[in-house]
Amino acid sequence: MGVIKKLPVYLEHFPGGGIVATSLDYVLSQSQASSIWYLLFGTACCAIELMATGASRYDFDRFGMIFRASPRQADLIIAAGTITKKMAPRLRLLYDQMAQPRYVIAMGGCTVKGGPFYYDSYAVEKGIDHIVPVDVYIPGCPPRPESLLEGCLTLQKKIKKQKIGDWS
Amino acid sequence: MDKAALTKYILDKFAGKVDLLDTGKVEPVFRLESDFLLEFCRAINSDETLHIDFLCNIAGVDTGERFEVVYSVASVKNRIRFDFKIAMAYENAEVESVQSVWPGANWHEREVWELYGINILNHGNLTRFLLPDNWDQGYPMRKNWDAPDFVRMPES
């Protein structure tokens, strides 16, 4: 019962067992936040940092984050790397193919505001928030794995607060 | 054949039609007129001393006053390489395709056409290559190109 005592639940003890009463919102959002599967979407050098975060030293799996190669089973897109104007419709397509609730993390300067390609570039989309709604922005070029982990924890906090029907 | 000998050979062989533009750090750069281009390419390709069998690159240049197209060529057999350049005015800029000499020119020429708007004559497949298929904003590598979300680096 150690874990259950920490939860905001109403706990009634009966001889030989108990009844746990809690809100469905709470259980669902806790479950979602603890198993965010992210879509493999590395388009540039930020993907290397994403791989480093997924590897043993930083160990993404601690947060239940496992990569998926298919948008059907993914909850999150970590847009790691430059999104060109040619890539932008593909990103939107992948986002549309994901099941709700779905989340987007913009990782790195390129996805936040064009990054080093802000000036003098005809090919790069200046911020992926023109294409898909973004939940968490992580600046950096590329961000360190610590930054990415911080961004994911921020997303977890956001997911834990939401109620059913808040999905976008 | 070293650089000096190569320069002398080409200038002698095509006297009056090809000028030396720059001796270059590594390879010499020549200049020729665009109506002589195809003939020149065929000649250096079939010449036994030169035997230019490899087209490294075709590059477009917008100097702000005119267009230039730069061809980098090499001979794998004779281990020589050089560049040559043709210049043209902005209006009705066009250049002959060199695919009949080096078939690999196809993609390079599509790129030049797409980014600079230099028309390639007798190309055969002048379709979008690097830009999105629905691109309608003109030729982005031109000096005077502009678009709604295009930000130019401020002069510092």
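Chain A holds an open sheet of 5 strands, in the order 4-3-5-6-7, with parallel pairing. Strands here are DSSP runs of E with at least two residues, helices are runs of H or I with at least four, both numbered from the N terminus, and two strands pair if DSSP finds at least two bridges between them. Strand 4 (67-68) and strand 7 (136-138) of chain A sit at the edges with a single partner strand each, so one side of each has no neighbour in the sheet. Strand 4 of chain A pairs with strand 3 (residues 38-39) of chain A over 2 bridges, in the parallel sense; Tyr38(A) has Phe67(A) as its bridge partner there.

This is a predicted model: local features need pLDDT of at least 70 and side-chain atom pairs pLDDT 80 or more, while totals for chains, interfaces and linings use all residues. Residues are numbered from 1 along each chain as its sequence is written, and chains are lettered from A and ligands numbered from 1 in the order written.

Now for the nonpolar cores: sets of buried Ala, Val, Leu, Ile, Met, Phe, Trp, Tyr and Cys joined through C-beta atoms within 7 Å, where buried takes 20 or more other C-beta atoms within 10 Å, all placed from the backbone.

| Core | Residues | Among them |
|---|---|---|
| Largest | 36 residues | Leu76(A), Ile105(A), Met107(A) |
| Another, apart from it | 27 residues | Ile10(B), Phe40(B), Ile58(B) |

Leaving aside neighbours within four places in sequence, Met107(A) is in contact (C-beta atoms within 7 Å) with residues including Cys46(A), Leu50(A) and Ile138(A).

Where the chains touch, chain B gives 8 residues and chain A gives 7 residues.

Key:
A residue is buried if 20 or more other C-beta atoms lie within 10 Å of its own, exposed if 12 or fewer, and partly exposed in between; C-beta atoms are placed from the backbone. Two residues are in contact if their C-beta atoms, placed from the backbone, lie within 7 Å.
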